[in-house]
Amino acid sequence: MLTYIIKRLALALLVLVLVTVLLVILVQLVPGDPARAILGNHATPDLIAQVRANLGLDRSVPHQAWDFLSHAVRGDLGDDYLTGQPVTSELGASLVDTAVLTLASVVLALVVGIPAGIVAANRPGGMVDAVIRAVSVVLLSMPPYVVALLLLLWFAVDNHVLPALGAGDLSQPGDYLQHLVLPAIALAVFWWAYLARLVRASMLEVLSQPYVRTARAYGLPPRVVTLRVALKNALMPVTALTGLLLGYVLAGTVYVEVIFNRPGIGSLAISAVATRDWPVVRAIILVYAAAFVIGGLLADLAYRVLDPRLRLEDGSGVFV
Amino acid sequence: MAVVQPSAVGGVPAAAIAAPERRWRDLLRQVMGRPSAAAAVVVVLLLVAAALLAPVLTPYDPTHIDVFARLQGPSIRHWLGTDSLGRDNLTRTLYGTRVALVIAVPSVVGAFVVGGVLGLLGGYLGGWLDRVLVVVFDALVSFPSVILGLALLTLLGPSVASVILVIATALVPYYGRLVRAQTLAEREVGYARTERALGASRTRVLLRHLVPNVVPTLLTVVAMDVPGAVVDAAGLAFLGLGVQAPTPDWGVMLNDGFTNIAGSPWGVVGPILALVVMTSAFLVLGESVRAVLDPRGPAPRRSRQWTFRKASR
């Protein structure tokens, strides 16, 4: 297990270093230029050279990569080119809002999706199963921005049961939570359908195992058989998907923050792209990458802890 | 030419490597035998028809501005109302199918070609190339195209070409992994080993045997990714990072509808319906294709479950 953790940590670090280096190389590879992007098409060569110098783009690629990397490690992600503020200070508050939204969406997805799958597996081919199946096709076809727009239409335009705009104030928890409901639903809906199908399939698989039959033969009530005997094993595929779930939700925060006018790193990124503020965009991408990597790491470790069979194969197959 | 026909050797049933056309026809017949899949095929064909026939189907120009008729609700003249500049929403939705396909198909195909070549090489040759590819693919595989798009589109500026590049780049590691896994599996199958034992070069085994066996199966998987690419492209356009107004794109329409949502909710209806209908059609179709291709055959799920429930009583 320890070897695995060390190897996995090394991979996570490697990925982060790769992303950092890629962000530096990307500027060289892509025909655009941050300085020109900031200044527009009519800038004089002198001015462009000056901005390039300010951004550190005139130095060699390894030098730039090292600079960015060593500063990032110390928590310095560069300065916002337009305001001159350190990017980290701008990120700070937004990061909390986005993290809370991400967490809320993941929890909401699991809390609704898994029970739906269990209920559907309870009577395969029954009424409830058929309804969940039909609804899930529609839900699976809706990208987060479509769900968010529909919720916005319903709650902001038609009725005002829940606040649909802004993030509320963290010092008033009730208000903050209310503001969280719609954005979190928008990101969770897809996973309700996805998890319901996944859990249903794996539940049916597990329920046909001999050990479950044994439990039934002992006379355990169906509820106990489903929830205590079968559920743990039926949830294994869900653990394997946690990384994917996190990726979907993090990417979705960009849309949802824009649509519900929430502060967060997603909406910050969009405004930074609009003003072509490369240092801010670069920093935000690094933050997203870090979130992915940490999420993937935790998911993999959790998978190992939950499934003892994987621990036996230590040392092999880490990268496969 | 080898003395022994490689396709007749080894544990592979001849049918599995029969002429590709036969396989395609069989697949099509089996898929169309399922009512839900047949309906999905009809929907997909209708969408393609809408893309091709848009100018015939509607009397309006998708970019014709009529400010006196802005933000109208549905009427006989404008079935889905008009947008903030008085353009007909239904017309723009129909033309949007074109833009959607023009972006999605090249990105998916391009990504499959690049990812496929990398995956074949990595899977067949192995060695350091394979190891590097696996680490890079693993690192990038869940990286969503929106985030990637933020970086590339800041530097490149938004355009159709940049959007195709972004979506294709996000798909490459996914296809690379898929093709690599398939190649690894096929590499050790009897016919490939026989051909190598007969002295065929690596290139010959790769091109004559592995490619024809790996690619067709995966093409069906890849085709199902078209709606995903459309959704991503529309999302980027919605954020203002992709296709730009006044192009009649679903994402551009969503953006216009979103900005004016308080004035008229009808701006977002067309593109939302189009996106949901297209995605669900592909979803249903993909499920049927997978069920038909599943080597375990159609699972007798219901009857098995039923006997177990009976046994538990």
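In the predicted model, 42 residues of chain B are in contact with 47 residues of chain A, two residues being in contact if their C-beta atoms, placed from the backbone, lie within 7 Å. On the side of chain B that touches chain A, at least two residues each come from α4 (127-140), α5 (145-156), α9 (226-238), α10 (250-259), α11 (269-293) and α12 (301-312) of chain B; helices are DSSP runs of H or I with at least four residues, and strands are runs of E with at least two, numbered from the N terminus. The most is given by α5(B), with nine residues. By class, this side of chain B has 29 nonpolar, nine polar and four charged residues (Ala, Val, Leu, Ile, Met, Phe, Trp, Tyr, Cys and Pro count as nonpolar, Asp, Glu, Lys and Arg as charged, and the others, Gly among them, as polar).

Within chain A, helix α5 (residues 87-122) packs against helix α12 (residues 265-274) at an angle of about 130°, with the axes 8 Å apart. Axes are lines fitted to C-alpha atoms, for helices over the stretch in contact, and angles run from 0 to 180 degrees between N-to-C directions. The angle makes α5(A) oblique to α12(A) (under 35 degrees is roughly parallel, over 145 roughly antiparallel, 65 to 115 roughly perpendicular and the rest oblique). E90(A), L91(A), S94(A), L95(A) and T98(A) of α5(A) meet I265(A), G266(A) and L268(A) of α12(A).

Residues are numbered from 1 along each chain as its sequence is written, and chains are lettered from A and ligands numbered from 1 in the order in which they are written. Local features need pLDDT of at least 70 and side-chain atom pairs count only at pLDDT 80 or more, whereas totals for chains, interfaces and linings use all residues.
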